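I am opening a notebook on this structure. I will look things up one at a time and write down what I find.

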Amino acid sequence: MHRFANPARFLKIARPLTGWLFWPGLLLLTAGALCGLFVTPPDYLQGETVRILYIHVPAAWLGMGGWSGIAIAAVMQLVWRHPLAAVAGRAIAAPGALFTAICLITGSIWGRPTWGTWWEWDGRMTSMLVLLFLYLGYMALANASARQAQGGVSPVTAIFGLVGAVNIPIINRSVVWWNSLHQGPSITMRGSSIDMTLLWPLGFTLAGFTLLFAAIVLMRMRTILAQAKVEARMQRMARG
């Protein structure tokens, strides 16, 4: 990994890789969304509302996956002092928060006709809301420390990202540990409780959103590095 520590070497790879991730991701997302809307049948219990599945599940996956990425970046920053790890953590935070918010919004929209309520303080929904607040706190700390960390995040922010990862297994196991309105795990290593006639477009939207997420992170990393370069140049000019 340290051979990518040089920003110039990283940018040389990141520029073409961004497009290679973005356009296939957009294509997969579009195909999955169209199939989910117009090809799959309504659910025999939930009717047309089940189609929220194709947005809600990828959003939940990326909300949790984003924070897992922040935690990995924090370990690389604190233990191995990887110079781009702090930049990666900061770049992940905003799209991670966005997908967490999408998960909460689509979950509420789905819950209204299914459960009869927009919100319930059960384990899954509450822990996802906590994750959104963690993202907002991380972004506030990252923005406050960005100048001192040369575009990345401070060690204190990295520690916050690492500690916040405790919430990820809580989200994952919340429907098992506590009695909840939210349904239990639908897709596990042993199979899926979702009928295949409804399930197959989810693979397209899940892959599409994941590729788009990666492309957004690369674009943000490139932007952060460019901003840091401009700020460093301005500081040198100011010193004469």
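Is Trp200 buried, partly exposed or exposed? I looked up its relative accessibility and found 35%, so Trp200 counts as partly exposed. I note here that the model is a predicted one.

**Entry: the partner of Trp200**

I checked which ring Trp200 pairs with. Phe204 forms an aromatic pair with Trp200, and the geometry is edge-to-face. The centres are 6.3 Å apart and the planes stand at 85°. I then placed both residues. Helix α7 (residues 196–239) holds Trp200 and Phe204, four residues apart, about one turn of the helix.

**Entry: other rings**

How many aromatic pairs are there? I count pairs with ring centres within 6.5 Å. The count is eight. One of them joins Trp67 and Tyr135, edge-to-face, with 5.0 Å centre to centre and 80° between the planes. I asked what this pair connects. Trp67 sits in helix α2 (residues 53–78) and Tyr135 in helix α4 (residues 123–145), so the pair ties together parts 68 residues apart in sequence.

The cut-off for buried is under 20%. Trp67 comes out at 0%, so Trp67 is buried. Tyr135 is also at 0% and therefore buried. I followed the ring pairs onward and found a cluster that links Trp67, Tyr135, Tyr138 and Phe160.

**Entry: helix α3**

Does the length of helix α3 agree or disagree with its residue count? Helix α3 covers residues 85–115, which is 31 residues. At 1.5 Å a residue α3 should span 45 Å, and its end C-alpha atoms are 42 Å apart, so the two agree. Where does α3 bend? I find a bend of about 30° at Ala93, with a proline, Pro95, following within four residues. Just after α3 comes Gly116, and its phi is positive, about 85°.

**Entry: the UniProt record**

I turned to the record last. The unreviewed UniProt entry lists "transmembrane region" at residues 20–39, 59–80, 92–111, 123–144, 156–178 and 198–219. I compared two of these stretches with the model. Residues 156–178 are 87% helix and 0% strand, with end C-alpha atoms 33 Å apart. Residues 198–219 are 100% helix and 0% strand, and their end C-alpha atoms are 33 Å apart.

Key: Residues are numbered from 1 along each chain as its sequence is written. This is a predicted model: local features need pLDDT of at least 70, side-chain atom pairs count only at pLDDT 80 or more; totals for chains, interfaces and linings use all residues. Side-chain values use heavy atoms; hydrogens and water are left out. Rings of Phe, Tyr and Trp (its six-membered ring) pair if their centres lie within 6.5 Å; planes under 30 degrees apart count as stacked, over 60 as edge-to-face and the rest as tilted. Helices (H or I, at least four residues) and strands (E, at least two) are DSSP runs, numbered from the N terminus. Buried means under 20% relative accessible area, exposed over 50%, partly exposed in between (1.4 Å probe, protein chains only). UniProt positions are given in the numbering used here, feature names are shortened, and annotations may be inferred rather than shown by experiment. The expected span of a helix is 1.5 Å times one less than its number of residues. The bend at a residue is the angle between axes fitted to the seven residues ending there and the seven starting there.
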